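The topics follow the structure below.

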Amino acid sequence: MADSADFVVACRVGGGGERFRPYRMVMKAQLRAQLSYRASFSIEVVGGMIMTGLDLATVLVVFNVTSVLGGFSFRDAFLMSAVANLSFAAGDQLVGSIDDMRVQIRTGQLDALLVRPLGLLRQLVSTDFELRRIGRVVQGIVVLAIAAGLAHVAWSPATLALVALTVIAGTAFFAAFLVMAGTVSFWWIDSTEFGAGFTYGGRNFTLYPMTVYGQVFRYLFAYGLGFAFVAYYPVLTLLHRPDPLGLPTWIGWLTPLVSVGVCSVAAYVWRTGVRHYRSTGS
Amino acid sequence: MTAVIEAHELRKEFTVTEKAGRFRRTRRAVAAVDGIDLAVDRGEMVGYIGPNGAGKSTTLKMMTGVLTPTGGSVSVCGLRPVADRTRLALRIGVVFGQRSQLWWDLPLRDSFELLRHVYRVPAVEHAERLRECRSLLGLDEFEATPVRQLSLGQRMRGEITAALLHRPDVLFLDEPTIGLDVVSKQAVRAFLAAIGAAGDTTLMLTTHDLADIERLCPRLVVIDHGHVVHDGSLAELHARYQSRRRVLVDLDEPIDSGERLSDIDQVRAAIVDVGPGVTVEHVSPDGRRLEFGLRDGANAGALVARIAAVASLRDLSVIEPDIEDVVARIYQD
């Protein structure tokens, strides 16, 4: 029976599209349910835009006080903020709903997902896909366009490619951290604050040039965890500026590599976490 | 023929952290499942029972790939539940009484349609299976209702349908009748009996409702404290734990042998020859109602004749051994 089903599936599979069909269907159902609460949906979208807008506004406020921050003018620093902001927003849109996993672990509802023939992470992400986060992504794109216009960058296919590559890699980077932060709840149910330190904390860290931070903090976050590659180094490369901290300029192209590394670690942490799932009684 | 479900020395430990003093905490490992050996053949219907916390659900969760065993081995349909989780999921159906497979905000019908995509069941096959379930479980009246508005009984019927739409080889049910009213219970039982009668689906269910077992499961596995304490038929369970039929006798007047008898010892003395395997279990204070316990092979007719010889019978009833009593006795040990 199962063999014949496999055969039918195999016949229909044209490419990756068919493989993801179940997830797409589940996601569509979820969106339908979300959009049925129209007013609440619009409020959440706008609210999300305002919240992240306020974070960016703090960057403006800082430059109101000083014209140079960590050796960077407002226009250049703002490009870093914009790149980091969009990467986080996109990563959050992709996997941010993993936050809800805590509830599913607490109630044991995760059991129901584990007995389906689908990947757990992909299920979690598609069943709880929250379109309301899209407001922040749209806002992030607009802000990045403005920042790109303001910054002292000679735009060329190469530099544009670097921005695109950086944002995609940065999206995966933040998604990996969000997954890891969520995974912690397999061990400690109440781990929101701990995880947020690395996800939202990491994002706020990347809004500013690394040079403004103290050494310990910088080594830990920027190099230890790789946050310097989300926006700081790629923007330096865009600006053709030598790194005040001494690394070569081509280092800005390494973001995808760092991102792959972080994603591998996240995948390992995730698998270990799932194996430690304890479920709940009955 | 190889077994569909095979467990060998299966163990699951949980680490429990306990407060010991103001700041100190002690950790210790508690075995929820402590070395279970089990082999279930294709088409069998197995009742898996035990008191709360005996490890029933934990066993089922290890067999379905939800929990990783601490030790031992388990295979279902020849697959390793955790390592081959998604492949196994296509071949098993799971109903966890307390966890829903359905989409809360969507009509039942839409959940079924989504599950068709999740399990990649061809539309024709899916429709056919749904038609069978629909008539047997009476889904028509509530198929268009959002799941959150269904009664528990309706939802459970939906859950069972959802678990069967991909024609699984094995169906695991964790307390499928818990909290249901009598009518829903009967509908669910009749449906599961029909599935079992077809012969190609293996069924393993946990329950506290022993009527489920009596109706559905020729084979009974009882576990307690993570160990299998009985694996066999219901009759074997009765034989092993010496279940007694009971004979209840109402008399017009207490047995009168000089004085009125209302005490177990006195009654036993008065009916000298109660026969082998018969015990006097209870005598009511007024001495008019007597209760006898009969072991396997004891002769109820001889007992009644003996009583009739010394007293005037008003009423008589024979009560078959009650599985609940047997199980309660196991639980207490």
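In this predicted model, α3(A) and α3(B) run roughly antiparallel to each other, because an angle over 145 degrees counts as such. The angle in question is roughly 155 degrees, at which the axes of helix α3 (residues 21-35) of chain A and helix α3 (residues 108-118) of chain B cross. These two axes come within 8 Å.

**Helix pair across the chains**
- On the chain A side, α3(A) brings A:R21, A:P22, A:M25, A:V26 and A:A29 to the contact.
- Their partners in α3(B) are B:D110, B:L114, B:H117 and B:V118.
- By class, the residues of this helix contact are six nonpolar, one polar and two charged.

**Contact between chains A and B**
- Chain B gives 32 residues to the contact, and chain A gives 26 residues.
- On the side of chain B that touches chain A, two or more residues each come from α1 (56-63), α2 (85-89), β5 (92-96) and α3 of chain B.
- With four residues, α3(B) supplies the largest share of that side.
- The side of chain B that touches chain A has 14 nonpolar, nine polar and nine charged residues.

**B:A7 in strand β1**
- Strand β1 (residues 5-19) of chain B holds B:A7.
- B:A7 counts as buried because 24 C-beta neighbours lie inside 10 Å, where 20 or more are required.
- Leaving aside residues up to four places away in sequence, B:A7 touches B:I36, B:D37, B:L38, B:G72 and B:V74.
- One of these, B:G72, is 65 residues from B:A7 in sequence, yet their C-alpha atoms are 7.7 Å apart.

How values were computed: Residues numbered from 1 in each chain as written. Chains lettered and ligands numbered in written order. Predicted model: local features only at pLDDT ≥ 70, side-chain atom pairs only at ≥ 80, totals over all residues. Buried ≥ 20, exposed ≤ 12 C-beta atoms within 10 Å, placed from the backbone. Contact = placed C-beta atoms within 7 Å. Axes fitted to C-alpha atoms, helices over the stretch in contact; angles between N-to-C directions. Parallel < 35°, antiparallel > 145°, perpendicular 65-115°, else oblique. Nonpolar A, V, L, I, M, F, W, Y, C, P; charged D, E, K, R; others polar.
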